[in-house]
Amino acid sequence: MSPCEPLPIPTSTVIVVPGEYTHDNFLESVWLEEEFSVTSNAFLPKEQPLTRLPHPYYQPWENLIEHLSRLLQNGTLRQKVGGLPVLSIELLSTEAELRRGYVVLAFLTHAYVWGGSSPSEILPPQIAVPLQAISSRLNMPPVATYAAVNLWNYHSSSSDFSDLDSLQALHTFTGTEDESWFFMVSVAMEAVGGHIIPVMLSALQNSSHPDKLAAALGEITQCIRVLGKILDRMDERCDPNVFYHRIRPFLAGSKNMVSCGLPKGVFYSLDGSDKNGEWKELRGGSNGQSSLIQLFDILLGVEHKTGSPDTKGESFHQEVRGYMPDGHRRFLEFVENKYPGGLRTAVEIMASEDDNAQQEDVKVAFREATNALAEFRNKHLQIVARYIIIPSRQASQRGAGLVKNLATISASETKKELTGTGGTALLPFLKQSRDGTFRAGDFCNSSR
């Protein structure tokens, strides 16, 4: 079986609990799905996301999201939202329906906040009330997270969700193929996790067996390279200037967006005023919220310790777990606690013992895996250069326009650190993540 092919479906199903699993039944899907929402498609749903909410009560939401790009283009989105009733979420009876409601309202939130010549500091109750209620049920923040724009926002004409050409975004802000492609590149990469997560868990369970560990690390390395090849396809249908000027501004959150016109974040109003409700400063969706990439870090013992005042000392990677679906966040915590240090701990123990050919194979395989993950992050940096850095410099030469958003502010502040949609200083954060990944394999560089 070649790397990244699906594992055979088990013929029997055993539901187990943490601490009582065996090698075989832990890799079966039922417990992982029921406990952590980790499916045969990894962190994507087992079935494709709903394309509409089934109950006609929610037709007002569906009408807006169906025509979102047109309403933004003609400047009537905020007016249309003002005419909505404040709907209850009581008729959302399944997890799939809650996710669908979350996607719709998260898109409407960012469209409302960023869909004018200047951002709106007040989110009206027509969106704020039901979005906060759904977010509470899902244990997620009321904002357009990575899950909202990627994990729960796709349709596929194929049963293989890693087939990028078969994917289409259910919703976009701009109505462009560029935006759909941008989201779907991430969906295709996430789908690869359906093949690789069993390999990763098997490697952790067999970490004391050098031959099995080296073979598993080889598969993991190949799968990381598959992710890189998918990422390399970004240029095929997503134009950097379309992304920078038209798409990226809508993905921004309300955290660290003072220069963009949100000095206190966004006020989630319960009655339309700025008195009854709550100010929130939340990060926008970013790839840093991908559970799959963080799982690689846990597996390989990659440490990201750099904190900042806005993360209260914890690393960005730890802080953004709060933006992941609840089950995925708990799955990362479970693996992290079950296998402290991941495979790095096991390989370091082997490296401290008498050298032999098998141990050297493991060290080489581990170093190749960490290098592959670092090179994947390097590809991300290259994407950032093409899609953000270069367009921002070109825009600064033309001068800022009349609209105030992440694109125009970035263009006018080229001498400062560019801010990502997640609210971080973009380049320093990405470089630190890459360099930390390279360092994870440094101990393997010593010769025997």
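Let's start with Arg344, which forms a salt bridge with Glu348, with 3.3 Å between the closest N and O atoms. By salt bridge I mean a side-chain nitrogen of Lys or Arg within 4 Å of a carboxyl oxygen of Asp or Glu. Both Arg344 and Glu348 sit in helix H16, residues 342-352, and they are 4 residues apart, about one turn of the helix. Helices here are DSSP runs of H or I with at least four residues, numbered from the N terminus. Glu348 has a relative accessible area of 34%, so Glu348 is partly exposed. The cut-offs are under 20% relative accessible area for buried, over 50% for exposed, and partly exposed in between, using a 1.4 Å probe and protein chains only.

A quick word on provenance: this is a predicted model, where local features need pLDDT of at least 70, side-chain atom pairs count only at pLDDT 80 or more, and totals for chains, interfaces and linings use all residues. Residues are numbered from 1 along each chain as its sequence is written, and side-chain values use heavy atoms, with hydrogens and water left out.

Back to the charges. The salt-bridge rule gives a count of 19. One of them joins the side chains of Arg52 and Glu66, at 3.7 Å from N to O. Arg52 lies in the loop between helix H2 (29-36) and helix H3 (59-66), while Glu66 is in helix H3, so this pair ties together parts 14 residues apart in sequence. Arg52 is partly exposed at 34% relative accessibility, and Glu66 is partly exposed at 49%.

Next, please look at Glu236 and Arg233, whose side chains meet in a salt bridge at 2.8 Å, N to O. Glu236 is partly exposed at 48% relative accessibility, and Arg233 is partly exposed at 22%. These two also belong to a network of salt bridges that links Asp165, Glu177, Arg233, Glu236 and Arg237.

Now for helix packing. Two packed helices are described by the angle between their axes and the distance between the axes. The axes are lines fitted to C-alpha atoms, for helices over the stretch in contact, and the angles run from 0 to 180 degrees between N-to-C directions.

Helix H6 (residues 95-114) and helix H7 (residues 125-138) have axes that come within 9 Å and cross at roughly 140°. That makes H6 oblique to H7; angles under 35 degrees count as roughly parallel, over 145 as roughly antiparallel, 65 to 115 as roughly perpendicular, and the rest as oblique. By class, the contact of H6 with H7 has 11 nonpolar, 3 polar and 3 charged residues. Nonpolar here covers Ala, Val, Leu, Ile, Met, Phe, Trp, Tyr, Cys and Pro, charged covers Asp, Glu, Lys and Arg, and the others, Gly among them, are polar. Contact means heavy atoms within 4.5 Å.

How do H3 and H6 pack? Their angle is about 55° and their axes are 10 Å apart. H3 and H6 are therefore oblique to each other. The contact is made by Trp61, Glu62, Leu64 and Ile65 of H3, with Arg100, Gly101, Val104, Leu105, Phe107 and Leu108 on the H6 side. By class, that contact has 7 nonpolar, 1 polar and 2 charged residues.

One last stop, Ala214 in helix H10 (residues 210-231). Ala214 is buried, with a relative accessible area of 18%. Leaving aside neighbours within four places in sequence, Ala214 is in contact with Asp361, Val362 and Ala365. The C-alpha atoms of Ala214 and Gln358 are separated by 8.3 Å, although the two residues are 144 apart along the chain.

Notes. Helix = DSSP H or I, 4+ residues; strand = E, 2+ residues; numbered from the N terminus.
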